[in-house]
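I hope it is handy to have beside you as you look through the chains.

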Amino acid sequence: MRPATLARLAVAGTRTDTARVVLTGFSAALATLAVLAALTVLAIPEVPGDAWAQAEQYRNNLLREPGLRGGTAFALLLLTIPVLALAGQCARLGAPARDRRLAAVRLAGATPGQVTGIVVAETGVAGLLGALAGLAAYLGGRDLLHRPDERGLLPLPTDVLPPAGAVAAVVLGLPVVAAVASALLLRRVTATPFGVVRRVRRRGPRPWPGLLIGLGLAAFAAFRPVGLWFERQQIEPPPWLPPVLLVGGGLAAMIGVVAGTGWISYATGRLLHRYARRPAALLAARRLAADPWAGSRTFAALLAAMLFGAGAAGLRAYFTAQDELYRRIGAESAGGGDFYLDTMDLVDLAVVVAMVIAAGGLVVALVEGITARRRTYAALVATGVPRATLGRAIAWQSLVPAVPAVAVALTVGLLLARGVFGSPTAGGYTMTSCDAGGTLCTDPATEARYTRTEWVPRVIVPPDVPLEQLALLGAGALAAVLVTVAVGLLFLRAGTAVEELRTT
Amino acid sequence: MTELQARAVVKAYGPTPALRGVTLDVAEGEIIAVTGPSGCGKSTLLHCLAGILRPDAGEITWRGQRIDTWSEAARSRLRRTEFGVLFQFGQLVAELTAAENVALPLLLAGTGRREARTAALTWLERLGVAEVADARPGEMSGGQQQRCATARALVTEPRVIFADEPTGALDTLAGEQVLTRLVRLAREQGTAVVLVTHEPRIAAYADREVVLRDGAVDHTGLGLDASLAGGPR
Amino acid sequence: MAGVSTPHVLLGLLATGTKHGYELKRAHDARLPRARPLAFGQVYATLGRLQRDGLVAAAGQEREGGPERTAYALTGDGRAALDRWLSEVEPPMPYVAGTLFAKVVVALLAADVDRARAWLIAQRRAHTERLRELTAVKTSPTAALDELVAVDFAIAHLDADLRWLHTTLDRVADWHREVHS
């Protein structure tokens with residue numbers, strides 16, 4: 001197949017396909033930006049000889065303090081998770097139509113490899129262009145934002161660049177990952193030219209994603225003990241270990257929550273089927289049990305945002321508790337608490353942004369599901385099923401799995417934050433102090449007289465469970481689902497037009 | 001006695017007229033075939049009669065009442081209670097079992113689940129597909145699916161069944177199994193059937209045949225414009 | 001139904017056991033419902049020829065208060081002839097023949113297009129009526145298998161005729177339109 005043919009077939013689709021390509025590129029650009037930002041923070045050089053010396057050239061404490069930079073980079077990396085979830089959802093946009101088109105290409109004699117080639121080309125090129133756009137935005141933004149204030153302090157680390165190798169790896173790696181993922185998603189179409197001809201009843205999902213969640217939680221919980229262990233052994237932990245624990249654990253937990261939604265859909269579907277009295281609930285119950293992964297696909301980005309948001313809420317609770325701790329032991333918090341809480345406001349903003357992105361993904365997925373089934377819906381309306389019943393069925397089938405899935409995501413997110421940060425603790429050790437000023441204290445003769453050793457009592461302030469914030473997040477998520485359902489119903493109206501009944 | 005009536009029905013999709021003034025009576029318990037070449041407006045007429053589409057002009061009356069002016073909700077209710085609808089394919093809900101698909105209209109009418117299931121099983125039995133009651137449409141043959149759809153159309157014991165090429169996707173024998181049962185049961189129940197088809201052998205199941213051509217009833221059976229044919233004979 | 005080989009049908013009926021003439025006629029009418037009924041004269045004439053050719057043989061006589069009746073049985077040659085006939089493939093429509101077809105051609109030749117069309121319409125109506133009658137047999141709850149098989153055969157042929165009538169009518173109309181515009 002010549003590249004021209006490949007390109008022609010890759011762009012042969014409708015406007016939906018164009019939208020998918022653009023969104024794929026867009027999410028690739030967002031992900032690139034987030035990863036590059038994280039790398040930049042990590043690239044800030046430590047002052048030689050003093051691991052704890054502040055990087056004096058920055059205005060912001062998150063960048064100045066070496067101890068905080070890891071966390072900042074981590075938070076930036078975490079932001080890529082909802083973005084990646086969005087990318088996954090966009091990949092589904094127009095997928096049934098594309099699958100049919102590719103099946104037709106297969107029937108025309110294309111080999112599975114050629115069909116995969118078409119999709120990989122589409123996703124890979126879109127991803128690469130997106131990543132390059134992200135890189136351009138990053139480099140441009142770097143120039144634009146390089147504005148030292150009157151004291152010569154920088155608001156952002158615009159004076160350092162991540163190593164060129166790392167940048168190249170990101171810009172080239174993201175499209176490759178996207179292409180491989182899309183090739184995997186396409187297995188079904190390439191396996192048989194007919195796509196899915198006859199559905200056989202499959203076993204329902206098992207609750208194994210619970211294991212992944214457990215794994216993620218364990219990785220986060222292990223973060224501090226592992227660090228302490230290395231400290232006690234007086235060796236530096238390998239540089240890859242902390243990010244692997246955090247990113248790997250975070251990904252495991254997120255995949256667990258998202259995949260677990262499949263099981264939740266299936267289980268709630270069966271439960272609903274047992275108790276459903278009205279046709280709307282019956283339709284929703286059967287749909288949930290028949291295609292439980294629809295829930296995972298639909299809610300992926302939203303759940304990722306929930307996870308992130310709950311983690312942020314946990315972090316905020318931790319900082320509040322830390323403030324409380326400082327207050328109790330009478331230490332000067334030096335405005336640090338406020339600073340952290342201000343930072344948390346920024347993080348919350350990021351959560352809101354992630355939720356908006358997720359709501360977009362939700363609309364995409366739901367409308368996709370409705371248009372894919374428009375023939376059945378049109379036939380039902382023709383036989384006299386009121387549209388309101390179909391609307392209720394769609395609302396049921398969205399909300400029933402969403403409520404428990406959001407609850408799980410919020411819980412897991414909170415537990416992740418708890419795992420890493422635990423409870424702020426002070427004291428629990430002996431302190432030696434000398435009250436008598438420099439000369440007396442440094443003189444070995446008098447030192448002992450003025451020095452006293454005292455036991456500093458251990459103070460632990462367990463952070464509150466940020467119920468209010470979690471409730472707000474959950475309510476926001478469910479509101480997003482409801483709004484999405486409302487938008488979906490608009491499409492249902494068009495989808496049930498009688499034209500859909502015309503043969504073939 | 002005439003139950004359903006179309007009077008000078010006109011319907012256009014954009015600039016293309018699909019029906020250009022069709023008048024048709026459906027008597028109680030009558031089986032009537034609407035035939036004609038593809039694109040003649042057969043399906044559009046059926047959709048207008050069944051209250052799925054609203055005609056641009058003309059009237060549809062059901063037992064003396066104009067239904068084309070009714071609200072969508074009222075027409076939905078009518079379709080659910082007095083009418084049954086059967087299409088070529090794809091009308092069963094893929095996730096529901098055969099019995100649940102057949103029970104659906106009863107559930108919509110407020111019947112309890114157990115009672116609805118019993119009725120559904122009875123009708124599946126009458127259509128000769130009791131053995132697939134707990135299978136999903138994807139697990140059945142095309143003929144079985146159409147017989148389930150027929151059971152669903154009949155389960156409310158409607159007054160009229162609208163069937164749009166109900167055997168179009170089936171082989172001869174499977175199609176015959178659908179049609180013979182539909183016609184036999186409709187006669188038993190005194191249900192009228194409006195059967196849209198382009199095949200003479202399917203139209204032969206009806207008591208009467210109405211030929212449409214270019215959106216109008218072709219009384220001449222000539223397949224010519226009136227001007228060329230010299231008017232109806 | 002032209003072209004049905006009555007001798008072979010009789011041989012086939014005798015293959016199930018010895019029968020006399022009247023029994024053969026009854027078996028024929030029962031086994032081939034909706035075929036043209038066999039006349040007695042034809043049964044006896046055919047049996048005579050079969051006996052002459054050694055394909056059947058008289059297997060005894062019986063007399064039950066009526067005229068004497070001869071029972072016939074299949075001979076070895078008769079069995080062979082029957083087997084040959086059963087394994088022979090019928091030539092698929094070696095000649096295009098048929099009254100319907102001939103009438104259209106003659107009408108176009110000897111009369112005019114309108115005449116041909118009027119006949120086509122009348123014929124189509126008659127065919128449709130007959131098709132409807134036969135289809136009604138299928139939907140009756142008591143239809144037996146023999147009858148369904150027979151009706152299916154007739155319906156398939158009527159359907160083929162009807163399709164041809166439709167197409168010819170359209171063709172004549174097209175031709176008419178082209179000539180007159």
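1. Chain A has a secondary structure of 18 helices and 4 strands, where helices (H or I, at least four residues) and strands (E, at least two) are DSSP runs numbered from the N terminus. Of its 504 residues, 42% are buried; buried means 20 or more other C-beta atoms within 10 Å of the residue's own, exposed means 12 or fewer, and partly exposed lies in between, with C-beta atoms placed from the backbone. Among the contacts in chain A with a separation of 6 or more, 85% are between residues 24 or more positions apart. A contact here means that the C-beta atoms of two residues, placed from the backbone, lie within 7 Å.

2. A word on the basis of all this: the model is predicted, local features need pLDDT of at least 70, side-chain atom pairs count only at pLDDT 80 or more, and totals for chains, interfaces and linings use all residues. Residues are numbered from 1 along each chain as its sequence is written, while chains are lettered from A and ligands numbered from 1 in the order in which they are written.

3. Do have a look at helix α9 of chain A, residues 209–232. Its 24 residues should span 34 Å at 1.5 Å a residue, and the end C-alpha atoms are 35 Å apart, which agrees; the expected span is 1.5 Å times one less than the number of residues. There is a kink of about 40° at A:Phe223, shortly before the proline A:Pro225, the bend being the angle between axes fitted to the seven residues ending there and the seven starting there. A:Phe223 is also one of the buried residues of α9(A), which include A:Pro209, A:Ile213 and A:Phe220. The buried residues of this helix pack against α10 (241–275) and α15 (387–421) of chain A. Just after α9(A), A:Gln234 takes a positive phi of about 60°.

4. Chain B comes to 8 helices and 10 strands. For 233 residues, a compact globule would have a radius of gyration near 17 Å, and chain B agrees with 18 Å; this radius is taken over C-alpha atoms, and the globule rule is 2.2 Å times the number of residues to the power 0.38. Buried residues make up 55% of chain B.

5. Which strands form the open sheet of chain B, and in what order? The order is β6-β7-β8-β3-β9-β10, 6 strands with mixed pairing. At the edges stand β6 (83–86) and β10 (216–217), each with a single partner strand, so one side of each is left without a neighbour in the sheet. Strands count as paired if DSSP finds at least two bridges between them. Strands β3 (residues 31–35) and β8 (residues 192–196) of chain B run parallel and are joined by 4 bridges; B:Ile31 has B:Val193 in β8(B) as its bridge partner.

6. B:Ala109 sits in the loop between α3 (98–108) and α4 (113–126) of chain B. With 14 other C-beta atoms within 10 Å, B:Ala109 is partly exposed. Not counting residues up to four places away in sequence, B:Ala109 touches B:Arg80 and B:Thr81. B:Thr81 is 28 residues from B:Ala109 in sequence and 8.0 Å away in space, C-alpha to C-alpha.

7. Lastly, the interface: 25 residues of chain A are in contact with 30 residues of chain B. On the chain A side, α11 (279–290) and α14 (374–382) are the elements that give two or more residues, and α11(A) gives the most, with 6 residues.
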